[in-house]
Amino acid sequence: MSAPVVLGIETSCDETAAAVVRGAREVLSSVVHTQAQHRPFGGVVPEIASRCHVRLLPGIVEEAVRQSGLGWDAIDLVAATRGPGLASSLLVGWSFAKGLAMRLGKPLRAVNHTEAHLHSVFLDPAAPDPADCFPRVGLAVSGGHTNLYRLPGPGRVELLGRTVDDAAGEALDKAAKLLGLGYPGGPVIDRISRGRTPRAGLFPEGRVREGTETGGLRADLCLSFSGLKTSLLHRVAAEPPQGDDEVAQLACDYQEAVVDALVRRCGRALDATPGAVALAVGGGVSLNSRLRTALADLCARRGVRLLLALPKHCGDNAAMVAGLAGLGRGVPSPAAFDLEIDPSWAVG
Ligand code: KG4
Ligand code: ZN
């Protein structure tokens with residue numbers, strides 16, 4: 001049987017996206033609209049996001065099908081993000097997908113957004129086959145999540161660690177706001193830090209404080225970014241940076257602390273995954289150039305393969321959702337039609 005053609009839909013946060021993917025990896029089209037309406041507010045406003053999804057999604061789905069070069073009758077399966085994410089945003093895409101699958105008379109699949117980020121690395125035609133990359137470690141790192149997983153074999157995903165407070169992207173965005181760099185700040189911090197040498201030891205390591213509830217996870221595989229943020233706040237209050245150069249240096253030091261915290265956890269997760277052959281990293285923060293270099297160094301030292309998504313597949317997109325469904329993951333219909341959204345849907 002030939003690989004199914006999957007229409008994917010993603011609306012978990014502030015990206016409205018649709019894509020057509022053949023099988024698990026062949027992206028025929030991927031349309032992503034990032035809502036700029038949230039910028040003046042310095043963060044995503046759920047009410048604005050859901051209204052935007054309602055207005056834009058039908059046209060974006062239509063466009064994805066058109067760009068795929070295939071007709072509606074070529075779609076074998078509809079897949080959409082059911083969680084985790086913002087409830088009001090998820091509801092738009094998930095309801096739309098249910099209606100569309102019914103209208104087309106095609107099966108429906110509920111996909112987990114975080115697991116889709118872990119799959120995004122395989123949308124690069126140059127990446128190896130997912131079946132050849134077990135066991136591996138996966139890091140999903142964005143503005144909404146920072147989770148570390150062990151993937152021992154096909155269809156098995158085990159949570160190893162997570163942030164106990166802010167996500168890494170959120171930590172960068174909040175720092176950027178504090179430094180007057182705008183929103184979202186991750187890309188700006190990345191850009192102004194390039195070519196600078198970070199000062200060591202200026203910020204705390206992102207360690208989880210003793211006694212913090214980690215839900216049974218190893219504390220040294222979890223992360224905490226709230227202390228880092230507070231430390232920046234105190235520093236800026238005590239010694240306000242003077243001019244662009246001092247701001248850029250502080251941003252660079254802060255970025256290094258975030259990167260260092262992530263890379264150390266990845267190292268420990270590789271230690272906790274005997275025989276690991278690869279480290280797969282997806283999510284908006286995986287665009288960060290310093291993180292990419294530091295992860296490449298770690299993987300070279302460990303002799304494991306680093307799998308990074310193509311830049312266009314790092315942020316939220318629907319190709320990763322369709323691809324994961326094409327791999328046979330997610331909840332299939334008829335059960336999927338009875339499922340409601342799950343804003344805190346955990347992988348596994
Ligand atoms: O995956 P994504 O598009 O959306 C979700 O949060 O799910 O990730 C957005 C996050 C934001 O926090 C943004 O600041 C961060 O990814 N980001 C970056 C870079 N590009 C985007 N962080 C650091 N360096 C970048 N180059
Ligand atoms: Zn995401």
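Let's start at Pro-184. Pro-184 sits in the loop between H4 and H5. Helices here are DSSP runs of H or I with at least four residues, strands are runs of E with at least two, and both are numbered from the N terminus. The peptide bond joining Tyr-183 to Pro-184 is cis, with omega about -10°. There is another cis bond, between Phe-134 and Pro-135, again with omega about -10°. Pro-135 is in the loop that runs between helix H3 (113–119) and strand S6 (136–141). As background, most peptide bonds are trans.

Some ground rules. This is a predicted model, with local features needing pLDDT of at least 70, side-chain atom pairs counting only at pLDDT 80 or more, and totals for chains, interfaces and linings using all residues. Residues are numbered from 1 along each chain as its sequence is written, chains are lettered from A and ligands numbered from 1 in the order written, and side-chain values use heavy atoms, without hydrogens or water.

Now the ligand. Which residues come nearest to ligand 1? Of the 19 around it, they are Gly-143, Asp-173, Asp-190, Gly-284 and Asn-288. Near means that a heavy atom of the residue lies within 4 Å.

Next, polar contacts: pairs of N or O atoms within 3.5 Å; within protein, one must be able to donate a hydrogen and the other to accept it, and residues adjacent in sequence count only if both atoms are side-chain atoms. Gly-143 uses a backbone N or O atom, 2.8 Å from an oxygen of ligand 1. Asp-190 places a side-chain N or O atom 2.9 Å from a ligand nitrogen. Asn-288 has a polar side-chain atom 3.0 Å from a nitrogen atom of ligand 1.

How much of ligand 1 does the protein bury? Alone, ligand 1 exposes 560 Å², and the protein buries 87% of that. Areas are Shrake-Rupley with a 1.4 Å probe; for residues, only the protein chains shown count as cover. Helix H4 (168–178) and helix H5 (186–193) are the elements giving two or more residues to the shell.

Shell composition: five nonpolar, 11 polar and three charged. Nonpolar means Ala, Val, Leu, Ile, Met, Phe, Trp, Tyr, Cys and Pro; charged means Asp, Glu, Lys and Arg; the others, Gly among them, are polar.

On to domains. The chain divides into domain 1 (5–119 + 314–338) and domain 2 (134–308). Those bounds come from an automatic or database assignment. The C-alpha centres of the two domains are 27 Å apart.

Six strands form an open sheet, ordered S3-S2-S1-S4-S5-S11, with mixed pairing. Pairing takes at least two DSSP bridges between two strands. S3 and strand S11 (331–332) are the edges, each pairing on one side only.

Strands S2 (residues 15–22) and S3 (residues 26–34) pair antiparallel over eight bridges. Thr-16 stands opposite His-33 in S3. The two strands make a hairpin with three residues between them, and Gly-23 in the turn has a positive phi of about 65°. S4 (residues 77–83) and S5 (residues 108–112) run parallel, over five bridges. There, Gly-83 has Asn-112 of S5 as its bridge partner.
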